[in-house]
Amino acid sequence: MNFAWVWGPENPSLDKVARLAMNLRGADAEKLEILLERWLTGLGYDSESGHYFQGGFSVAVQARGNGGADIVFVSGRQDVAESLGEAVDEFYEQVLQHLTTASVTWTEQPLEL
C-alpha cells in the first residue's frame, strides 16, 4: 500500500512521508484484541480512508486477528522521526508491554519526499 498522505486535522497533504510497518505474531488472541481495541479507540478515526490518527501520525491497520496484527504507522511534516517515535512509544505502552508471548518485526519503509 502506498501512502502519499497522512490523515489528520492539521496535515491532510504533506511533502515528506515516513512509514514504519509492524508485523506482530504469536500473541494471546483475546488479550491482543482487547489491547488493540482500547488503543485504537483513543485515536481519531477517518472513515473515508480507514485510518486512525493522532497529532502528526496516522495508523493503517492492514490485518488483525488470531493473535497477530499488521499495522503501518505513517507520519509527515518536518518532524517525521519524532512523530513516529511518539506513535511507537504509545503503542508499546498501551499494547506491546502487556503481551508476554508475541514477536514483533518492524520494517522501516523508504522516506517519500
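Arg64 forms a salt bridge with Glu37, with the closest N and O atoms 2.7 Å apart; a salt bridge is a side-chain nitrogen of Lys or Arg within 4 Å of a carboxyl oxygen of Asp or Glu. Arg64 lies in strand S4 and Glu37 in helix H1, so the pair ties together parts that are 27 residues apart in sequence. Salt bridges that share partners join Glu33, Glu37 and Arg64 into one network. The model is predicted: local features need pLDDT of at least 70, side-chain atom pairs count only at pLDDT 80 or more, and totals for chains, interfaces and linings use all residues. Residues are numbered from 1 along each chain as its sequence is written, and side-chain values use heavy atoms, with hydrogens and water left out.

**Salt bridges**

- The structure holds 3 salt bridges.
- The side chains of Glu33 and Arg64 meet in a salt bridge at 2.3 Å, N to O.
- That pair links distant parts of the chain, with Glu33 in helix H1 and Arg64 in strand S4 (residues 57-65), 31 residues apart.
- Helices (H or I, at least four residues) and strands (E, at least two) are DSSP runs, numbered from the N terminus.
- Arg25 forms a salt bridge with Asp70, and the closest N and O atoms are 3.0 Å apart.
- Arg25 lies in strand S1 (residues 17-25) and Asp70 in strand S5, so this pair ties together parts that are 45 residues apart in sequence.

**Exposure of the salt-bridge residues**

- Buried means under 20% relative accessible area, exposed over 50%, and partly exposed in between (1.4 Å probe, protein chains only).
- Glu33 is partly exposed, with a relative accessible area of 32%.
- Glu37 counts as partly exposed at 39% relative accessibility.
- Arg64 is partly exposed, with a relative accessible area of 30%.
- Arg25 is partly exposed at 37%, whereas Asp70 is buried at 18%.

**Surroundings of Asp70**

- Asp70 is found in strand S5, which covers residues 68-76.
- Not counting residues up to four places away in sequence, Asp70 touches Met22, Asn23, Arg25, Ala60, Val61, Gln62 and Ala63.
- Contact means heavy atoms within 4.5 Å.

**Leu40 in helix H1**

- Leu40 is found in helix H1, residues 29-41.
- Leu40 counts as buried, at 3% relative accessibility.
- Leu40 touches Tyr52, Val61 and Arg64, not counting residues up to four places away in sequence.
- The C-alpha atoms of Leu40 and Gln94 are separated by 10.0 Å, and the two residues are 54 residues apart along the chain.

**Gln109 after strand S6**

- Gln109 has its place in the segment after strand S6 (103-108).
- Gln109 is partly exposed, with a relative accessible area of 25%.
- Residues touched by Gln109 are Arg19 and Ala21, not counting residues up to four places away in sequence.

**Negative patch**

- Glu82, Glu86, Asp89 and Glu93 gather in a patch of negative charge on the surface.
- Glu82 lies in helix H2, residues 80-94.
- Patches are made of residues with over 30% relative accessible area and no salt bridge; like charges are joined within 9 Å, and nonpolar side chains (Val, Leu, Ile, Met, Phe, Trp, Tyr) within 5 Å.

Technical notes: Areas by Shrake-Rupley, 256 points an atom, 1.4 Å probe, with all protein chains shown as cover. Lys, Arg positive; Asp, Glu negative; His and termini not counted. Charge placed at Lys NZ, Arg CZ, Asp CG, Glu CD.
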